[in-house]
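Please look over the sequence and the model before reading on. The paragraphs below go from strands to single residues and then to charged pairs.

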Amino acid sequence: AADWQVAGGRLQQLNNGGAPVGGGQTYIRGTYALLNTNAGLSDFEFTAEIIPRNESVLRRGDGVGLMFRYVDDDNYYRISVDSRFGNTRLERKLAGIWSTMAVSAQGYLPASTLRLGVRVSGPAILVYRDYGGLSGVLDGEPYMAAYDMSLSTGGVALYTKSEADFDNVEVRSLDGGPRVGVAAPRPYGIVPDGTIEARAVVLN
């Protein structure tokens with residue numbers, strides 16, 4: 001069972017709460033803390049700092065992330081970052097079926113602070129991560145992007161497979177500035193045949 005509690009000014013999850021979905025899929029079930037007062041969010045910015053804990057060597061590097069446009073347990077988007085498998089994925093769960101909308105071959109360093117953010121406007125989704133320093137994660141360039149019309153509104157949540165701390169969680173209105181995110185080619189990817197498909201997602 002999950003064990004969410006507040007200590008030292010952080011929201012903490014202190015138990016292993018995940019397992020593979022099964023059926024040969026690589027998606028991981030975990031546990032999440034849902035902000036259930038904002039179920040009708042449409043266009044917004046959502047950011048958080050995540051500190052994966054190191055209590056268990058067996059679970060070190062497990063997936064953490066953000067969920068948004070959450071409708072119910074079978075319909076939402078999720079940013080999942082996993083150090084054990086070395087990837088960052090923008091995932092969609094629609095009518096209970098998982099799919100990956102964007103992926104990179106970059107995880108995180110265990111016990112380090114991972115900064116994640118997302119901007120959503122209509123079908124445009126821009127994902128941000130790891131710009132560090134004193135600036136906010138949304139001050140950098142989008143890390144990955146996608147365009148999807150499946151879910152237009154919903155709540156936000158914090159996701160983890162096992163032990164992790166969450167801090168400086170913010171949900172804000174969009175700032176209105178223009179943004180461009182590269183949807184293809186994917187970050188940290190390789191194009192083997194020399195033909196590069198280029199796609200972008202644009203806000204404002």
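A residue is called buried when its relative accessible area is under 20%, exposed when it is over 50%, and partly exposed in between, with a 1.4 Å probe and protein chains only. By that rule Asp74, at 37% relative accessibility, counts as partly exposed. The model is predicted, so local features are reported only at pLDDT of at least 70 and side-chain atom pairs only at pLDDT 80 or more, while totals for chains, interfaces and linings use all residues. Residues are numbered from 1 along each chain as its sequence is written, and side-chain values use heavy atoms, leaving out hydrogens and water.

Strands come first. Helices (H or I, at least four residues) and strands (E, at least two) are DSSP runs, numbered from the N terminus, and two strands pair if DSSP finds at least two bridges between them. Strands of a sheet pair through backbone hydrogen bonds, either parallel or antiparallel. Here, 7 strands make an open sheet in the order 1-2-15-6-11-12-13, with antiparallel pairing. Strand 1 (4–7) and strand 13 (144–147) are at its edges; each has a single partner strand, so one side of each is left without a neighbour in the sheet. On average, neighbouring strands of this sheet are turned by 25° against each other, direction ignored. The axes behind such angles are lines fitted to C-alpha atoms, for helices over the stretch in contact, and angles run from 0 to 180 degrees between N-to-C directions. Within the sheet, strand 11 (residues 114–121) pairs with strand 12 (residues 124–129) in the antiparallel sense over 6 bridges. Arg119 has Leu126 in strand 12 as its bridge partner.

Strand 9 has partners of its own. It runs antiparallel to strand 8 (residues 75–82), and 7 bridges join the two; Ile79 stands opposite Leu90 in strand 9. These two strands form a hairpin with 4 residues between them, and Gly86 in the turn has a positive phi of about 65°. Strand 9 is also joined by 7 bridges to strand 10 (residues 97–104), again antiparallel, with Ile97 in strand 10 as the bridge partner of Leu94. This second hairpin has 2 residues between its strands, and Ala95 in the turn has a positive phi of about 55°.

Which strand holds Lys93? Lys93 is found in strand 9 (residues 87–94), and its relative accessibility of 11% makes it buried. Contact means heavy atoms within 4.5 Å. Not counting residues up to four places away in sequence, Lys93 touches Asp73, Asp74, Asn75, Tyr76, Trp98 and Leu151. Its side chain reaches the backbone oxygen of Asp73 at 3.0 Å.

Charged pairs come next. Side chains of opposite charge can pair when their charged atoms come close. A salt bridge is a side-chain nitrogen of Lys or Arg within 4 Å of a carboxyl oxygen of Asp or Glu, and the whole structure contains 18 of them. One joins Asp74 to Lys93, with the closest N and O atoms 3.7 Å apart. Asp74 lies in the loop between strand 7 and strand 8 and Lys93 in strand 9, so this pair ties together parts that are 19 residues apart in sequence.

Asp165 takes part in a salt bridge with Arg10, the closest N and O atoms being 3.4 Å apart. This pair links distant parts of the chain, Asp165 in strand 15 and Arg10 in strand 2 (residues 10–13), 155 residues apart. Asp165 also forms a salt bridge with Arg53, at 2.8 Å between the closest N and O atoms. Arg53 lies in the loop between strand 6 (44–52) and strand 7 (64–72), 112 residues from Asp165. Asp165 is buried, at 5% relative accessibility, whereas Arg10 at 30% and Arg53 at 24% are partly exposed.

Arg172 lies in strand 15 (residues 164–172) and is partly exposed, at 30% relative accessibility. Leaving aside neighbours within four places in sequence, Arg172 is in contact with Phe44, Glu45, Thr47 and Leu138.

Notes. Polar contact = N/O pair within 3.5 Å; in protein donor to acceptor, adjacent residues only side chain to side chain.
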